[in-house]
Amino acid sequence: MYIIDRYAYANRIRTVGPGRKCGLALLVLLICLLLDRPAVGLVATGWMWGLATLWAGLPARVFGRVLLAEGVFLALAVLGVAVGLGLAPQPGASWSWNVGPIWVGSSQASVETALRLVTRALGGAAAMNLLALTTPLVNLVDLLRRLRAPVLLIDLMTVMYRFVFTILGSLSRMYTAQDSRLGYVSLRRGLASAGLLGSRLFIDAYQRSQRLQTALESRGYAGDLRVLPIRYRHDNRFYWLSMGVVASLLLARVAL
Amino acid sequence: MMPILELDNLHYRYPGHGAPALRGATLSLPTGARVALLARNGCGKSTLLPHCNGILRPDSGIVRFEGRRLAYDRRSLRELRRRVGIVFQNPDDQLFSASVAQDISFGPLNLGLGERETRRLVQAAAEMCEITELLERPTHALGGGQKTRVALAGVLAMDPVVVIADEVTTSLDPWMRRQVLAIFQRLVAEGRTVVVATHDVEIAHYWADLVVVMNEGRIVAADGSDCIFADEALMAFVGLRDPWRLPPVGGRE
């Protein structure tokens with residue numbers, strides 16, 4: 001989370017409007033889902049990786065790593081699609097082994113389905129990664145506000161995002177304090193300490209919320225967290241790039 | 001000079017607590033004064049301050065702002081909180097937005113001001129607190145001194161005439177403390193009243209022109225720093241010490 005948050009602030013296209021980035025990401029996701037071809041998914045992944053590194057200035061390794069983590073999940077998920085288990089050999093299987101009474105096998109059709117699923121999902125995931133790694137959450141919340149999402153939802157997101165960091169900070173300080181008094185010297189002590197830490201953290205969060213309430217009321221809080229809309233820069237290149245992405249995806253569908 | 005804020009014989013007991021936190025606190029703050037509020041921990045200081053902007057309402061006693069008795073209806077409270085700003089001890093309890101600029105804009109927008117006016121106030125407050133380069137930064141990436149100044153800017157953006165700072169200098173290094181005191185100095189130069197609740201005897205001694213000493217829910221003294229620190233019985237009573245009077249070398253206190 002810290003890594004994503006850090007790059008969301010430290011990239012060259014942070015100040016491009018979140019609406020546009022969201023639009024591009026959703027469009028790519030939609031195209032990947034609708035034009036169900038491995039080539040489309042792969043081209044989309046390539047584009048997103050390229051935009052993230054060459055345009056947004058993220059290290060290629062970072063984008064690759066996030067993608068790899070998702071890829072592993074995907075691969076595990078589609079394993080069941082590619083490989084079939086059964087008490088009898090699968091009909092039409094290109095290979096099958098038996099382990100005791102259980103037959104393991106896969107057919108060309110099932111492997112193709114799995115491949116299509118992986119590339120499709122990977123293309124969509126890459127699009128979402130580009131959005132997440134180049135857009136601070138504050139900008140996304142700002143976008144929701146402009147789209148007139150319910151105020152309660154927006155306020156909750158604002159406060160939660162802010163206090164995730166302070167509560168994580170409390171957590172790590174308390175953990176260090178416990179650890180320095182040998183709170184985690186054994187599994188048994190560790191469990192007891194972790195329990196104490198958890199309950200203390202709840203109380204801490206509750207008291208913090210009380211103090212926040214007081215501080216907000218001092219500044220005239222009247223039931224909703226009113227803040228200024230954020231200003232973004234206009235970048236016409238963004239439209240050209242987006243059109244290029246979409247055109248190449250369509251081309252990939254037709255040509256391959 | 002007419003006092004800007006008066007607390008008259010305030011009593012307050014937290015619901016569900018046995019001992020009262022305030023037992024007849026009386027204090028008068030002159031307009032444009034530099035006030036240091038000295039108190040040991042648990043003396044009722046953190047109960048006294050929220051009475052100044054109507055967050056807490058005394059069980060008995062009167063709060064007057066600009067000579068008028070405080071009314072606790074919604075409109076009066078809104079007006080009061082615009083004019084009396086409190087900066088709380090821990091900036092992490094006050095900063096609710098992950099965007100510095102958005103956090104500072106909260107107060108002005110609550111006053112019903114428009115976007116253009118709010119942007120101007122945010123910019124002015126940021127310049128006053130020397131944090132213009134932090135406006136685009138995420139709140140959680142700031143250091144302690146930076147957060148303190150952002151919290152201060154969030155209060156100053158509402159253009160208050162009384163600024164109350166609860167121990168904001170306590171966790172700052174001497175350099176940063178000087179920066180914050182310089183901001184307070186500018187506020188006083190503009191005719192605002194600044195109240196600093198602190199344990200820092202030096203701030204009370206060198207900066208304040210009115211030192212208020214609190215003990216056990218009462219104001220036990222309010223005077224110029226020379227008089228306060230000359231009163232050895234008072235100093236001993238509240239457990240504070242004149243920063244000049246060191247114990248003799250090798251001797252006992």
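A nonpolar core here is a set of buried Ala, Val, Leu, Ile, Met, Phe, Trp, Tyr and Cys residues joined through C-beta atoms within 7 Å, where buried means that 20 or more other C-beta atoms, placed from the backbone, lie within 10 Å of a residue's own. The model is predicted, with local features needing pLDDT of at least 70 and side-chain atom pairs counting only at pLDDT 80 or more, while totals for chains, interfaces and linings use all residues. Residues are numbered from 1 along each chain as its sequence is written, and chains are lettered from A in the order in which they are written.

**Cores**
- The largest nonpolar core has 78 residues, and Val35(B), Ala36(B), Leu37(B), Ala153(B), Val196(B) and Val212(B) touch the most other members.
- Helix α5 of chain B (residues 144-156) provides the largest share of this core, 6 residues; helices are DSSP runs (H or I, at least four residues), numbered from the N terminus.
- Apart from this core lies another, of 34 residues, including Val43(A) and Val118(A).
- Beyond its neighbours within four places in sequence, Ala153(B) is in contact (C-beta atoms, placed from the backbone, within 7 Å) with Ile104(B), Ala125(B), Ala126(B), Met128(B), Cys129(B) and Ile131(B).

**Where the chains meet**
- Chain A puts 26 residues into the contact and chain B 33 residues.
- On the side of chain A that touches chain B, α8(A) gives the most, with 8 residues.
- That side of chain A divides into 15 nonpolar, 5 polar and 6 charged residues; Ala, Val, Leu, Ile, Met, Phe, Trp, Tyr, Cys and Pro count as nonpolar, Asp, Glu, Lys and Arg as charged, and the others as polar.

**Domains of chain A**
- Domain 1 covers 2-93 + 103-135 + 232-255, and domain 2 covers 150-218, with bounds from an automatic or database domain assignment.
- The C-alpha centres of these domains lie 35 Å apart.

Conventions: A residue is buried if 20 or more other C-beta atoms lie within 10 Å of its own, exposed if 12 or fewer, and partly exposed in between; C-beta atoms are placed from the backbone. Helices (H or I, at least four residues) and strands (E, at least two) are DSSP runs, numbered from the N terminus. Two residues are in contact if their C-beta atoms, placed from the backbone, lie within 7 Å.
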